[in-house]
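I opened the file today and kept short notes on what I looked up. The entries follow in the order I made them.

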Amino acid sequence: MELHIAKDPQQLSENMAAWISNYILEVLQDQERFTFVLSGGSTPKQLYTLLAREPYLEMIPWKKIHFFWGDERVVPFDDERNNARMAYETLLTPVGVPAENIHVMRTDMLPEVSAEAYEKLLQEYFNDSAVTFDLVLLGMGDDGHTLSLFPGTAVVKEQKAWVKAFFLPAQHMYRVTLTAPVVNRAACVVFMATGAGKAVTLKNVIEGTFNAEQFPSQLIRPQDGELHWFVDEAAAGALE
Ligand SMILES: O=C1O[C@H](COP(=O)(O)O)[C@@H](O)[C@H](O)[C@H]1O
């Protein structure tokens, strides 16, 4: 695991935009398409906004990138909590990504049906390949959740399915999420975390004993891929 610490959220987003664009260009030297899983929540907004501006707008061959989501809040697309909506507003629409490159988790159908449809889409996309995504961007909630793998939920223990749907009573909302096994087949996973509110949880996730039921972010350990944590000084404040 590699830890990258930046002064503040702005610096962190700038560092990540540079790092991600270099990584995309490097991978695209050897292949025609790049698969990028986006995270939701508030943390990556600034990063997406930067990626949609120069120099990245020109530098990244956007038509070669296929976008997926790590998880979705099952609310209508025009609801401001919708993860895909945020990515459209900040990145996909400004950049002009072709519609056929965008693979959203649908929220206009029953959550279980949406999860099944996404699993099918992924299985077909990756066929028999041992590796799945080129890059998975993840956030971490103050409670240690990542994707929609929340502490104490059954989906944390999922070993087989690539995508699951479930009701999250605490938020009165269904969620659709990738599971840890499919993310752990990615070539590269990048966490992004900012703010003092995440400091103690980050310490537990990175330096604490393994307790994935309490800290589901600990489940993310790519089998053969890279794992990076990009954090700001406030989030890193409790680390040894
Ligand atoms: O609910 C979610 O939360 C996490 C963390 O969000 P943040 O606001 O603390 O950045 C996010 O990664 C996930 O995609 C989202 O559905």
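**Entry 1: the ligand shell.** I sorted the residues around the ligand by class: 10 are polar, two are charged and none is nonpolar. The model is a predicted one. Going through the shell, I listed Ser39, Gly40, Gly41, Ser42 and Thr43, then Gly70, Asp71, Arg73 and Asn83, and finally Gly139, Gly141 and Ser148.

**Entry 2: a sheet of three strands.** In which order do the three strands of the open sheet stand? I read the order as β4-β7-β6, with antiparallel pairing. The edges are β4 (71-73) and β6 (163-168); each has a single partner strand, so one side of each has no neighbour in the sheet. On average, neighbouring strands here are turned by 15 degrees against each other, direction ignored.

I then looked at how β4 is held to β7 (residues 173-178), and found three bridges between these antiparallel strands. Arg73 has Arg175 in β7 as its bridge partner. Arg73 is also one of the residues surrounding the ligand.

Which helix packs on this sheet? I found α5 (residues 111-126), which touches β6 and β7. The direction of α5 makes about 160 degrees with that of β6.

**Entry 3: strands next to β9.** I traced β9 (residues 226-232) and found β1 (residues 2-6) running parallel to it, joined by five bridges. Glu2 stands opposite His228 of β9. Strand β8 (residues 188-193) also runs parallel to β9, and six bridges join the two. Here I noted Cys188, whose bridge partner in β9 is Glu226.

Between β8 and β9 I followed the chain through helix α7 (residues 199-207); the three make a β-α-β unit, and I noted its hand as right-handed.

Entry 4: Where does Pro55 sit? I found Pro55 in the loop between α2 (45-51) and α3 (56-59). The bond leading from Glu54 to Pro55 is cis, with omega near 10 degrees.

Asn127 was my other stop: its phi is positive, near 50 degrees, although the residue is not glycine. Asn127 belongs to the loop between α5 and β5 (135-139).

**Entry 5: the record.** I looked up UniProt, where an unreviewed entry lists residues 8-229 as "domain: Glucosamine/galactosamine-6-phosphate isomerase". In the model I computed this span as 32% helix and 18% strand. The end C-alpha atoms of residues 8-229 lie 14 Å apart.

Key. Residues are numbered from 1 along each chain as its sequence is written. This is a predicted model: local features need pLDDT of at least 70, side-chain atom pairs count only at pLDDT 80 or more; totals for chains, interfaces and linings use all residues. A residue is near a molecule or strand if its C-beta atom, placed from the backbone, lies within 6 Å of it. Ala, Val, Leu, Ile, Met, Phe, Trp, Tyr, Cys and Pro count as nonpolar, Asp, Glu, Lys and Arg as charged, and the others, Gly among them, as polar. Two strands pair if DSSP finds at least two bridges between them. Helices (H or I, at least four residues) and strands (E, at least two) are DSSP runs, numbered from the N terminus. Axes are lines fitted to C-alpha atoms, for helices over the stretch in contact, and angles run from 0 to 180 degrees between N-to-C directions. Two residues are in contact if their C-beta atoms, placed from the backbone, lie within 7 Å. UniProt positions are given in the numbering used here, feature names are shortened, and annotations may be inferred rather than shown by experiment. A crossover is right-handed if, with the strands pointing away from the viewer, the path from the first strand over the helix to the second runs clockwise.
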